[in-house]
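Keep the structure open beside the text as you read.

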Amino acid sequence: MVRMSHLPGVLGEEVITRRTLSQRRKRGERQKIKKPLQANKTGGLVSIPFDRLATYTPVGEPCDMFSREVGIYMWENMAFDKYSYAQVSAAEKNAMEQHLKRRFNFEEIERDCERNQLKGGIQSVYMKRYKDRKSMEKREFIDLGKQHDNLDTIRDTPPTGMGVENWRKTIDLFSDPKYIKRCEVNKKQNREKQQFANRKGVAII
């Protein structure tokens, strides 16, 4: 360890100052991350702040934690065999909310005078995470299809963290001719929308 006496004058003060600031910064970052987690460990529940001026969606670090927890739960416990989150069974939705209520303060939302709008914001997180995770599953399915011609092999190779049964239900949907046709139609429509937007952009310029 370098002693202060070996760093005379301004140089010594500068080194100590930089080191102190660095330590404080790292300590602050650790506390920033651990604070919500410690709330759970001590029996408290994490509050979810919302954008009440426009979207009523969750915001800030607690929102990031909430969104991440939703995604992890879905990945580990749900099959992405529905076209959207709206079609997921009530029992599955309820099980996920019970899990989330052990970490986040849903009672605050229930007591809030704007609870209907806030619940709508929560639902938007659920729908987005379901769509994102389903897209991730499809990429996994496509990548495995490039490696294996045998569908049975793919059915027995779930992504890390996902159960075999849920994976099989998911790829049953991806392999369904009706689903494939619907995806092609959606892809074509999205491409046409993008081309129209690009032409409109050129006309404006």
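Helices (H or I, at least four residues) and strands (E, at least two) are DSSP runs, numbered from the N terminus. On that basis, the pattern read along the sequence is α-α-α-α-α-α-α-α, with 8 helices and 0 strands in the chain. Please bear in mind that this is a predicted model, in which local features need pLDDT of at least 70 and side-chain atom pairs count only at pLDDT 80 or more, while totals for chains, interfaces and linings use all residues. Residues are numbered from 1 along each chain as its sequence is written, and side-chain values use heavy atoms, with hydrogens and water left out.

Two figures describe the chain as a whole. Of its 205 residues, 26% count as buried, where buried means under 20% relative accessible area, exposed over 50% and partly exposed in between (1.4 Å probe, protein chains only). Contact means heavy atoms within 4.5 Å; among contacts in the chain with a separation of 6 or more, 64% are between residues 24 or more positions apart.

Now find helix α2 (residues 60-77) and helix α5 (residues 115-147), which pack with their axes 9 Å apart at an angle of about 50 degrees. Axes here are lines fitted to C-alpha atoms, for helices over the stretch in contact, and angles run from 0 to 180 degrees between N-to-C directions. That angle makes α2 oblique to α5; angles under 35 degrees count as roughly parallel, over 145 as roughly antiparallel, 65 to 115 as roughly perpendicular and the rest as oblique. The crossing of α2 with α5 is right-handed, the term for a near helix turned clockwise from the far one by less than a right angle, with anticlockwise being left-handed. On the α2 side, the contact includes Phe 66, Val 70 and Trp 75, and on the α5 side it includes Ile 122, Tyr 126 and Arg 133.

Helix α2 also has α3 as a partner: their axes come within 11 Å and cross at roughly 135 degrees. Here too α2 is oblique, and the crossing of α2 and α3 is right-handed. Phe 66, Glu 69, Val 70, Tyr 73 and Met 74 in α2 meet Ala 95, Met 96, His 99 and Leu 100 in α3.

What does Glu 69 touch, not counting residues up to four places away in sequence? The answer is His 99, Leu 100, Arg 103 and Phe 104. Glu 69 counts as buried because its relative accessibility is 16%.

The aromatic rings come next. The structure holds 9 aromatic pairs; rings of Phe, Tyr and Trp (its six-membered ring) pair if their centres lie within 6.5 Å, and planes under 30 degrees apart count as stacked, over 60 as edge-to-face and the rest as tilted. Phe 66 and Phe 106 form a tilted pair, 6.2 Å centre to centre with 50 degrees between the planes. This pair joins distant parts of the chain, since Phe 66 lies in helix α2 and Phe 106 in helix α4 (residues 106-111), 40 residues apart. Phe 66, at 0% relative accessibility, counts as buried, and Phe 106 counts as buried at 10%.

Tyr 85 and Tyr 126 form another tilted pair, with 5.6 Å between centres and 50 degrees between the planes. Both Tyr 85 and Tyr 126 are buried. Finally, ring pairs link Phe 66, Phe 80, Tyr 85, Phe 104, Phe 106, Tyr 126 and Tyr 130 into a cluster.
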